[in-house]
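Here is a friendly note for a first look at this model. Please keep the structure open beside you as you read.

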Amino acid sequence: MPDRAAPHPDRRALLVSGAALAGAALSGLGLSGLAAAAETPAPPAGPLSDLPLVPPRTEFVYEAVVEIAPLVSLGDSPLGERRIVPITGGRFQGPRIRGTVLPGGADRQLVRKDGVRRLDALYEMQAEDGAILTVRNQVLIDPGRDGAPDYRFSTIEV
C-alpha cells in the first residue's frame, strides 16, 4: 500500500505549478512571472490516485405502474405550494421480481415560486414471495428557461 503521508510526485508538481501561478498573480509580477510559472513541467494526465477506477453501470431491476388518486393541494407555504398525490395501488415487474404496489403511500410535492418542483414519493410494494419493499423516490424538476429543456434528477432507494 502506498504511503499516503508523503505527497505523490505528480501532486507535488501540480502544487508547485499552482503556487507559482498564485504567487505571480498576488505579487503583481505580470506576464513574465506567469511565463516562468508556465515553464514548470506539467504533471502527467491521469487519475490523482493509484486506486483502480470502476466505471458505474446500470441494471434494469423493475418497472412500476402506480395508480394514484387526484392531487390534493395542501396550500401555500413560505417555500411554495405544497401538494400530495395519494398512491392507491399498482403493480411492478422485472426480470427477477414482480408483485403489487400497496395502497397507502403518497407523492408529496413542493412547487416552488421559481417553478422548480421537488417530489418525494414514499410507498410499499409486495413481491410475489411476500417480501415487502419500501421505496423512496426523490425528484427535482427544474423547468427549462429561454428555450432550454427541463432538468430532471431522480434518486431512488429500495
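**Notes on the chain**

1. Asp-146 counts as exposed because its relative accessible area is 85%. By definition, buried means under 20% relative accessible area, exposed over 50%, and partly exposed in between (1.4 Å probe, protein chains only). The phi of Asp-146 is positive, about 55°, although this residue is not a glycine. Most residues other than glycine have a negative phi.

2. A word on what you are looking at. This is a predicted model, in which local features need pLDDT of at least 70 and side-chain atom pairs count only at pLDDT 80 or more, while totals for chains, interfaces and linings use all residues. Residues are numbered from 1 along each chain as its sequence is written, and side-chain values use heavy atoms, with hydrogens and water left out.

3. Now the overall layout. The chain holds two helices and eight strands, in the order α-α-β-β-β-β-β-β-β-β from the N terminus. Of its 158 residues, 19% are buried. The chain exposes about 11,500 Å², with 60% of that supplied by carbon and sulfur atoms; accessible areas come from the Shrake-Rupley method with a 1.4 Å probe, and for residues only the protein chains shown count as cover. Among contacts between residues at least 6 apart in sequence, 40% join residues at least 24 apart, where contact means heavy atoms within 4.5 Å.

4. Which residues make up the largest nonpolar core? The nine are Tyr-62, Ile-87, Phe-92, Val-101, Ala-121, Tyr-123, Met-125, Ala-127 and Val-135. A nonpolar core is a set of buried Ala, Val, Leu, Ile, Met, Phe, Trp, Tyr and Cys residues joined through side-chain atoms within 4.5 Å. Strands β3 (80-93) and β6 (117-127) each supply at least two residues of this core, and β6 gives the most, with four. In soluble globular proteins, nonpolar side chains tend to be buried together.

5. Tyr-123, in strand β6, counts as buried because its relative accessibility is 8%. Not counting residues up to four places away in sequence, Tyr-123 touches Ile-87, Val-101, Gly-105, Leu-133, Thr-134 and Val-135. Its C-alpha atom is 5.9 Å from that of Thr-134, which is 11 residues away along the chain.

6. Is Gln-109 buried or exposed? Gln-109 counts as buried, because its relative accessibility is 11%. This residue belongs to strand β5 (residues 106-112). Its side chain makes a polar contact of 3.3 Å with the side chain of Asp-107; such a contact is a pair of N or O atoms within 3.5 Å, where within protein one must be able to donate a hydrogen and the other to accept it, and residues adjacent in sequence count only if both atoms are side-chain atoms. Beyond neighbours within four places in sequence, Gln-109 is in contact with residues including Leu-71, Glu-81 and Arg-118.

7. Ile-68 lies in strand β1 (residues 63-68) and counts as exposed because its relative accessibility is 56%. Leaving aside neighbours within four places in sequence, Ile-68 is in contact with Val-85, Pro-86, Ile-87 and Thr-88. Ile-68 and Pro-86 are 18 residues apart in sequence, with their C-alpha atoms 5.7 Å apart in space.

8. Finally, two loop residues. Leu-102 is in the loop between β4 (98-101) and β5, and counts as partly exposed because its relative accessibility is 24%. Leaving out residues up to four places away in sequence, Leu-102 touches Ile-87, Gly-89, Glu-124, Met-125, Gln-126 and Ile-132. Pro-143 lies in the loop between β7 and β8 and is partly exposed, with a relative accessible area of 28%. Apart from neighbours within four places in sequence, Pro-143 is in contact with Asp-114, Gly-115, Val-116 and Asp-150.
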